[in-house]
Amino acid sequence: MSDLAPDIVEFAREPDRIALDPPVEGGGCHAGADVLREATNKAQGSELLDRYAADYPVGPHDQPQSMCPAFGSLRVGLRMRRTATVLSGSACCVYGLTFTSHFYGARRTVGYVPFSSETLVTGKLFEDIKEAVEDLADPANYDAIVVTNLCVPTASGVPLRLLKKQINGVRIIGIDVPGFGIPTHAEAKDVLAGAMLAYAREEVAQGPVAAPAVRPDKPTVTLLGEMFPADPVGIGMMLEPLGLAAGPVVPTREWRELYAALDCAVVAAIHPFYTASVREFEHAGRKVVGSAPVGIDGTAAWLDAIGAACNVDPAKIDAAKDKFLPAIKAALAANPIKGRITVSGYEGSELLVARLLIESGADVPYVGSACPRTVWSDPDREWLEARGVRVNFRASLEQDIAAVEEFQPDLAIGTTPVVQHAKQKAIPALYFTNLISARPLMGVAGAGSLAQVVNAAMANKARFDKMSAFFEDVGTGPNAGIWTDTPQDRPQFKKKYAALNEAARKAAEAVGS
Ligand code: SF4
């Protein structure tokens, strides 16, 4: 913490000794989610996990396999100016999370309050968190400090809700982001965005707040969901004939944008999984419109929906459509995509990408999203299903891979393991997060943006076939390589050692208790 901690602490502290239940150790994302849920309910009451279960339902499929969910909220906090981030959790989780955030260019310090069984069980961990927050709370440096309980402190009931709401004018936001309550990192973004909106909404209710840096002279549309930086600009141009302007993108990049986001005419749920954030907007009396202005049909329907929500004169909506739809049509026609493509990912924008691919000419038989079905993705789901696309919410890795096997696409767009599987089968593949969602998707700019990368990838099929043929005789799995005596797989040995390991683990646990 020392590199984050300024020297100024201007108030007396009372040590807390909060009696906690025995600590919950181990488990986490690799085992015992039920045990951790039970422990959390016992330590914190059932309200927290009940709310998460309602906001982020896991049916009809099991919890998808993706990175630690806390990465989503961590990234949202790290991207906000004048916001400090403090994690409380197991060292291995924090190592993974900080590694990943710096891999993705965080360039910001991640604070960490370590714990041991003793500090967890005696309440000293909470005191340590409190001390860290108090040391950090310098209004010259920060507007807000975000403290995140990871799996073990959540299950042990470390009571972040008891942190002061503000210290020296610095807002303190405590959130629980356990892997056994939040299914994906996408939804963890909503946990933090929702908590910040709730805080900002209370501030607005109490009196005047800071004005936004830039204030449009028209009613605004708040854009919910992270998107390519050019997209809000393009959306703003399409809103202009309606007498509207693009408002802030939530999650925001600075605190006062939250006030501007709340002060909108309507919210566009571009990414459809921000349930807690939508709740805050609805509490603030704002309407929420689903889907997004992608392709011809998507843009037309979205402009209609936004216009209707803001009581815009239909002639103005028609004027916007007359101006932009022909340009989108021309861009799609100039950048055709021919081929069969399966789409899967965990960003929440998978359905929008599929719509754009189909309007570009591609055959898309399958879309899998790790995110849940919501009312805000219904227009996209209905549009896709009307074209025979199988749409799979809360898709598991196995289901995404099975779709690649079933449809034998010319290109598989997906998560890393899906891409790896496809490439092993000599099917060209693109990683959704880095190569697809890092492009404009909306309006005219989005209409032609996918063709180049998608067509280039599909054109690589011959190279995959050549590589496959070249390596054809080198075997796979345990006998991969060139051998004098080809190794034989021995599944019975693996089974035996797995059983011995399990017995040793149980014996060690029995000694521990
Ligand atoms: S905090 Fe993340 S990495 Fe750690 S146990 Fe929970 S889900 Fe797994």
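Trainee: What makes helix α10 (residues 255-262) mostly covered?
Mentor: Seven of its eight residues are buried. The cut-offs are 20 or more other C-beta atoms within 10 Å of a residue's own for buried, 12 or fewer for exposed, and anything in between for partly exposed; C-beta atoms are placed from the backbone. The buried residues of α10 are W255, E257, L258, Y259, A260, A261 and L262. One caution: this is a predicted model, where local features need pLDDT of at least 70 and side-chain atom pairs pLDDT 80 or more, while totals for chains, interfaces and linings use all residues. Residues are numbered from 1 along each chain as its sequence is written.

Trainee: Which elements do the buried residues of α10 pack against?
Mentor: They pack against β3 (144-149), α8 (185-206), β6 (220-224) and β7 (245-250). Contact here means C-beta atoms within 7 Å. Helices (H or I, at least four residues) and strands (E, at least two) are DSSP runs, numbered from the N terminus.

Trainee: Which peptide bond is cis, and where is P251?
Mentor: The bond from V250 to P251 is cis, with omega near 5°. P251 sits in the loop between β7 and α10.

Trainee: Why is N168 called partly exposed?
Mentor: N168 has 16 C-beta neighbours inside 10 Å, so it counts as partly exposed. N168 lies in the loop between β4 and β5 (170-176). Its phi is near 55°, a positive value in a residue other than glycine.

Trainee: Is S291 buried or exposed, and how do you know?
Mentor: S291 counts as buried because it has 26 C-beta neighbours inside 10 Å. S291 is in the loop between β9 (287-289) and α12 (295-309). Its phi is positive too, about 60°, although S291 is not a glycine.

Trainee: Why are α14 (residues 350-359) and α15 (residues 378-386) called oblique?
Mentor: They pack at an angle of about 40°, with axes 10 Å apart. That value makes α14 oblique to α15. Under 35 degrees is roughly parallel, over 145 roughly antiparallel, 65 to 115 roughly perpendicular, and the rest oblique. Angles run from 0 to 180 degrees between N-to-C directions of lines fitted to C-alpha atoms, for helices over the stretch in contact.

Trainee: Which residues meet in the contact of α14 with α15?
Mentor: L351, L352, A354 and R355 in α14 meet D380, R381, W383 and L384 in α15. These residues divide into five nonpolar, no polar and three charged.

Trainee: What makes β2 (111-112) and β4 (166-167) edge strands?
Mentor: Their sheet is open, with five strands in the order β2-β1-β3-β5-β4 and mixed pairing. β2 and β4 each have a single partner strand, so one side of each lacks a neighbour in the sheet. Pairing takes at least two DSSP bridges. β1 (residues 83-88) and β2 are joined by two bridges and run parallel. L87 stands opposite Y112 in β2.

How values were computed: Two residues are in contact if their C-beta atoms, placed from the backbone, lie within 7 Å. Ala, Val, Leu, Ile, Met, Phe, Trp, Tyr, Cys and Pro count as nonpolar, Asp, Glu, Lys and Arg as charged, and the others, Gly among them, as polar.
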